[in-house]
Amino acid sequence: MACRRRCCLCYFLKGNQEERRGQIAHLNKRSDDDRLENLVWLCLEHHDSFDGNTSQSKGYTLGEVRHWRDKLIETLSEAVLPAGQPMARIAREVVAEAETDPAHRWRFPLWLIANRPEFFAYSAPGADGICTIERIDLPDGRIVIACVEMPGNPGKSITNAAEYIFRQVCERFELSTTRVVWLENYEFFDRDEWRQVTFGVDGSAEPEWTTMTPDMWRGLLLSPKRRVTASSAGELRSKVRKHFPWPPVEMALGLDS
């Protein structure tokens, strides 16, 4: 695990940087919410303090514990890696996570949870916006990015900002532009229509849009769903069906982007 069994509160508030006996705590105190971003390793003492309710003194807040957890992960990661190799660290963490918990094979701080779209804020000239993106690793090595415009986007549409979103996603997550298949969809009108957007070999050409056909979907081993849905906890579900084992086996072995 990324914290290496160091308690973040001991590490920064007490100066104790040694491995501690402890437990995994849930930041929102919901034991059924096992998302990686909701978990933190705490020593037994701090776990009791964080989970306990006391009227005599103010305990540690969710925001406070999250802050020290993120700082600990950053500190430990940078301490052992040469500068400029963030993906190497992430790959090691993903492999370690997969060995102990297969349900978390593709979770890491800068990307998303497998089989689920997440919101992505993008910059575009004149009006920044927000969309959802989902990454799907195909068995042949291609990477599908499903980009969906949701109701309430305050900025440029995903069509008018396509080249900016494409470039920012590829740069942020260190994706090879030659491997990315970019799909575009609008949830609030023409929700059944998907288009594939191409940006040239190096991603710098003017975008071109092609309406997805049944044959194109079959070539990706995917098919579209009718609409975006959400779980009872409000988390968005994928709008794309995968017609192959998911997640792919290679995702448990590393992140070859």
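Predicted model: local features only at pLDDT ≥ 70, side-chain atom pairs only at ≥ 80, totals over all residues.

Guide: Counting cavities of 30 Å³ or more, we get 1. The largest cavity has a volume of about 50 Å³. Its lining is made up of Pro117, Thr132, Ile133, Glu134, Ala146, Val148, Val228, Arg237 and Lys239. Two elements, S4 and S5, each give two or more residues to that lining, and S4 gives the most, with 3 residues. If you sort the lining by class, you find 5 nonpolar, 1 polar and 3 charged residues.

Now step across to the largest nonpolar core, which has 22 residues. Strand S3 (118-122), strand S4 (129-137), strand S5 (143-149), helix H5 (162-172) and strand S6 (180-186) each supply at least two of its residues. H5 provides the largest share of the core, 5 residues. As a general matter, nonpolar side chains in soluble globular proteins tend to be buried together.

Within the core, the residues with the most contacts are Ile165, Val169 and Trp182. Leaving aside neighbours within four places in sequence, Trp182 is in contact with Ile145, Cys147, Ile165, Phe166, Val169, Arg195, Gln196, Val197 and Phe199. Notice that Ile165 and Val169, named above for their contacts inside the core, are both in that list of partners.

For a contrast in location, go to the start of the chain. Cys3 sits in the segment before helix H1 (8-14). Cys3 counts as buried because its relative accessible area is 11%, and the cut-off for buried is under 20%. Cys3 and Glu74 are 71 residues apart in sequence, yet their C-alpha atoms are 9.2 Å apart in space.

Stepping back to the whole chain, there are 6 helices and 10 strands. Of the 257 residues, 43% are buried. Take the contacts between residues at least 6 apart in sequence: 53% of them join residues at least 24 apart. Finally, the accessible surface of the chain comes to about 13,600 Å², and carbon and sulfur atoms account for 49% of that.

How values were computed:
Residues numbered from 1 in each chain as written. Heavy atoms only, no water. Core = buried A, V, L, I, M, F, W, Y, C linked by side-chain atoms within 4.5 Å. Buried < 20%, exposed > 50% of the residue type's maximum accessible area, 1.4 Å probe, protein only. Helix = DSSP H or I, 4+ residues; strand = E, 2+ residues; numbered from the N terminus. Contact = heavy atoms within 4.5 Å. Areas by Shrake-Rupley, 256 points an atom, 1.4 Å probe, with all protein chains shown as cover. 1 Å grid on protein atoms, 1.4 Å probe; cavity = no way out; pocket = protein on both sides within 12 Å on 5 of 7 lines; lining within 4 Å. Points joined across faces, edges and corners; volume = space filled by probe spheres on them. Nonpolar A, V, L, I, M, F, W, Y, C, P; charged D, E, K, R; others polar.
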